[in-house]
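Here are my notes on this model. Please read them with the structure open.

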Amino acid sequence: MKLIKTNLYMGLVILTVSLIGNTSYLIAQNVGVNFPNPPYKLTVAADFDGNGIVQIGDSPTGFYTNVNSGGTFKTLNNAHLGFTTNNKNVSAMIISISKNV
């Protein structure tokens, strides 16, 4: 497991650590990223812009939290946000950048 410029906190007891090939598997009770003593199974502290878990790619997508707006699922660039079902690659619903559904 490679961690670069982040803090990974393990809650309570680490049960198993195993290496299979180049992949590390770590089983723990609660895990926190930049969050000591994590209260949930996976706890991620937001950065100063409010972004927490983000998937990087052509259109970065992630979660945003703010005391005024609550929690938001969003794209981090000027791209539409699509939703799909049944493991399809075609969006069943799209929210466009002009906020149309």
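1. Start with the surface. In this predicted model, a nonpolar patch is formed by Leu42, Ile53, Phe63, Phe73, Phe83, Met93 and Val101. Together these residues have about 680 Å² of accessible area.

2. Phe73 sits in strand 6, which covers residues 70-75. Its relative accessibility is 39%. Phe73 therefore counts as partly exposed, because that class lies between the buried limit of under 20% and the exposed limit of over 50%.

3. Three strands make up an open sheet, and their order is 4-5-6. The pairing is antiparallel. Strand 4 (51-55) and strand 6 are the edge strands, each pairing on one side only. On average, neighbouring strands of this sheet are turned by 15 degrees against each other, with direction ignored.

4. Look at the pairing of strand 4 with strand 5 (residues 61-66). The two run in the antiparallel sense and pair over three bridges. Which residue in strand 5 is the bridge partner of Asn51? The partner is Tyr64.

5. Stay with Asn51, which belongs to strand 4. Is Asn51 buried or exposed? Asn51 has 12% relative accessibility, so Asn51 counts as buried. The cut-off for buried is under 20%.

6. One side-chain contact deserves a check on screen. The side chains of Asn51 and Lys74 are joined by a polar contact of 3.4 Å.

Key. Residues are numbered from 1 along each chain as its sequence is written. This is a predicted model: local features need pLDDT of at least 70, side-chain atom pairs count only at pLDDT 80 or more; totals for chains, interfaces and linings use all residues. Side-chain values use heavy atoms; hydrogens and water are left out. Patches are made of residues with over 30% relative accessible area and no salt bridge: like charges are joined within 9 Å, nonpolar side chains (Val, Leu, Ile, Met, Phe, Trp, Tyr) within 5 Å. Accessible areas come from the Shrake-Rupley method with a 1.4 Å probe; for residues, only the protein chains shown count as cover. A salt bridge is a side-chain nitrogen of Lys or Arg within 4 Å of a carboxyl oxygen of Asp or Glu. Helices (H or I, at least four residues) and strands (E, at least two) are DSSP runs, numbered from the N terminus. Buried means under 20% relative accessible area, exposed over 50%, partly exposed in between (1.4 Å probe, protein chains only). Two strands pair if DSSP finds at least two bridges between them. Axes are lines fitted to C-alpha atoms, for helices over the stretch in contact, and angles run from 0 to 180 degrees between N-to-C directions. A polar contact is a pair of N or O atoms within 3.5 Å; within protein, one must be able to donate a hydrogen and the other to accept it, and residues adjacent in sequence count only if both atoms are side-chain atoms.
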